[in-house]
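Me: I would like a close look at a single part of this chain. Could you pick one residue and walk me through its surroundings?

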Amino acid sequence: MKATGKCPKCNSIKITKVERKSSTSHKFYYGRVFAKTERYDIYVCTRCGFTERYAKLSKKFLVWAKDNIIEPIEEDNDFV
Ligand SMILES: [Zn+2]
């Protein structure tokens with residue numbers, strides 16, 4: 001929706017972007033010791049109400065995320 005500007009449910013192109021700085025539903029917590037927050041951009045289809053959330057990907061978050069990328073699980077196929 002963010003990339004296409006189109007609702008994947010009803011194909012409407014009447015999408016709006018919601019930004020609110022104070023609401024807790026517009027951010028999420030990450031990190032272990034100190035609660036860090038990252039904000040969402042929220043895209044809402046004004047026709048059917050379908051909603052998508054995207055993290056803002058701030059510099060601070062990306063620095064943290066770099067060390068917290070999930071490694072792909074390697075399947076052990078060596079046992080034959
Ligand atoms: Zn829609």
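Reply: Happy to. First, a term: a residue is buried if 20 or more other C-beta atoms lie within 10 Å of its own, exposed if 12 or fewer, and partly exposed in between, with C-beta atoms placed from the backbone. Ala55 has 15 other C-beta atoms within 10 Å, so Ala55 is partly exposed.

Some background on what you are viewing. This is a predicted model, in which local features need pLDDT of at least 70 and side-chain atom pairs count only at pLDDT 80 or more, while totals for chains, interfaces and linings use all residues. Residues are numbered from 1 along each chain as its sequence is written.

Ala55 belongs to strand S4, which covers residues 51-55. Helices (H or I, at least four residues) and strands (E, at least two) are DSSP runs, numbered from the N terminus. The chain has four strands and one helix, in the order β-β-β-β-α.

Now to the partners. Apart from neighbours within four places in sequence, Ala55 is in contact with Glu38, Tyr40 and Phe61; contact here requires C-beta atoms, placed from the backbone, to lie within 7 Å. His26 is 29 residues away along the chain, and its C-alpha atom is 9.2 Å from that of Ala55.

Further along, Leu57 sits in the loop between S4 and helix H1 (59-66). Leu57 is not a glycine, yet its phi is positive, about 55 degrees. Leu57 counts as exposed because it has 12 C-beta neighbours inside 10 Å.

Key. Two residues are in contact if their C-beta atoms, placed from the backbone, lie within 7 Å.
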